[in-house]
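Please keep the sequence and the structure in view while reading.

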Amino acid sequence: MTQHNTAGAPGGPGTTGAAGTAGTLGVAVIGTGRMGADHVRRINELISGARVAAVVDIDAERVKALAGAIEGCAAYTDPAAAMADPAVDAVLIASPGPAHEAALLQALEHDLPVLCEKPLTPDAASALRVLEAEQRLGHRRISVGFMRRYDSEYLRLKSLLDAGGFGRPLMLHCKHRNMATPPGFTNQMMINDSVVHEFDTTRWLLGQEITAVSVLRPTPSSHAPEALSDPQLVLMETSGGAIVDVEIFVNCTFGYQVRCEAVCETGSARVGDGHAMVTQSAGRWGGEITPGFEARFEEAYDREVQRWVDAARRGEAEGPSAWDGYATAAACEAGVRAQATGERVLVEMIEQPAFYR
Ligand code: ISE
């Protein structure tokens, strides 16, 4: 299905067909579920230098309604058709992970800049195929949406660790809690969709690769859906000899929390306590816990998308690369095996190609 609404497109005649020029970037948002719809709103209302030129979803009624509310936005059910639309200069992929590989390969065929929500792809072999296609193209086009790298608290932690004042990081203690999971959320998704963020932040904060993963599973919470072993404790070992533990608890019921404490040789630093405002009243003190990732990482998402758009308009790629997507996919694969077998699983990766260094 294709429904065009060409009337008064703001990018209209001024829109350039390619990134790297000064015109408004026409973005096709593929997948308009929870995250995709949030990105549509963001680009439409907040981001400068870009507009939503197309929305794509298998739900034809949904995209029709979304596109109808945005001037000059076309609706598609087929990503390839959207990418062939001359108004589309760049692609934001927010569909479920298993659909990413096909969309990424098509975007590379069209030589379009891509911001792909995590995971890049759900396994290392498919991520490798994407890496190979981008290398064949000869320049970087893919950015992966690891938004924590744009969060001001994480950025401060990264600067502190890089400055080295506390000595070498020895351990990271991480907590990753969601209030509740949507229907169909599986144990594997606790690794591929949730802990994938800690795999990325660990690699980024420490500048090291993850070498082995183990998973421990306590007796599940009585609030966990039947098929889910929730919470779990994920342990990572890194190439520099650090140990990272992650409590992943996706039906904690009380709020969305993402915390990380780095323990170094002569000091420790912790982010994610959510102490933006502390209230005191009636003999008690307290604050608020954000309900979900959209609110907790709102500024990070805004920064991530604006930086991606700015880079795309200069003809460049920004932020976490397809290599980062591949490395986390390899760690996830080990994590899923460790979860299923109870064993410590080594992460298997290719050597980093010069293209991504
Ligand atoms: C979700 O897809 C995300 O990316 C969130 O950041 C994470 O906290 C959540 O567990 C995932 O399901």
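**Helix packing and ligand surroundings**

In this predicted model, helix α5 (residues 124-137) and helix α10 (residues 322-341) have axes that come within 8 Å and cross at roughly 165°. Because angles over 145 degrees count as roughly antiparallel, α5 is roughly antiparallel to α10.

**α5 and α10**

- The crossing in which α5 passes α10 is left-handed.
- On the α5 side, Ala124, Ala125, Ala127, Leu128, Leu131 and Glu134 take part, and they meet Ala322, Trp323, Tyr326, Ala329, Ala330 and Glu333 in α10.
- Sorted by class, this contact of α5 with α10 has 10 nonpolar and two charged residues, with no polar ones.

**α1 and α9**

- The axes of helix α1 (residues 34-45) and helix α9 (residues 298-313) come within 11 Å and cross at roughly 65°, and α1 and α9 are therefore roughly perpendicular to each other.
- Here α1 passes α9 in a right-handed crossing, with Met35, His39, Arg42 and Ile43 of α1 making the contact with Glu298, Tyr301, Asp302, Glu304 and Val305 of α9.
- The residues of this contact of α1 with α9 comprise four nonpolar, one polar and four charged.

**Around the ligand**

- A polar side-chain atom of Lys118 lies 2.8 Å from an oxygen atom of the ligand, while an N or O atom in the side chain of His197 is 2.9 Å from a ligand oxygen atom.
- For Tyr256, an N or O atom of the side chain is 2.7 Å from an oxygen atom of the ligand.

Note on methods. Residues are numbered from 1 along each chain as its sequence is written. This is a predicted model: local features need pLDDT of at least 70, side-chain atom pairs count only at pLDDT 80 or more; totals for chains, interfaces and linings use all residues. Side-chain values use heavy atoms; hydrogens and water are left out. Axes are lines fitted to C-alpha atoms, for helices over the stretch in contact, and angles run from 0 to 180 degrees between N-to-C directions. Helices (H or I, at least four residues) and strands (E, at least two) are DSSP runs, numbered from the N terminus. Angles under 35 degrees count as roughly parallel, over 145 as roughly antiparallel, 65 to 115 as roughly perpendicular and the rest as oblique. A crossing is left-handed if the near helix is turned anticlockwise from the far one by less than a right angle, and right-handed if clockwise. Contact means heavy atoms within 4.5 Å. Ala, Val, Leu, Ile, Met, Phe, Trp, Tyr, Cys and Pro count as nonpolar, Asp, Glu, Lys and Arg as charged, and the others, Gly among them, as polar. A polar contact is a pair of N or O atoms within 3.5 Å; within protein, one must be able to donate a hydrogen and the other to accept it, and residues adjacent in sequence count only if both atoms are side-chain atoms.
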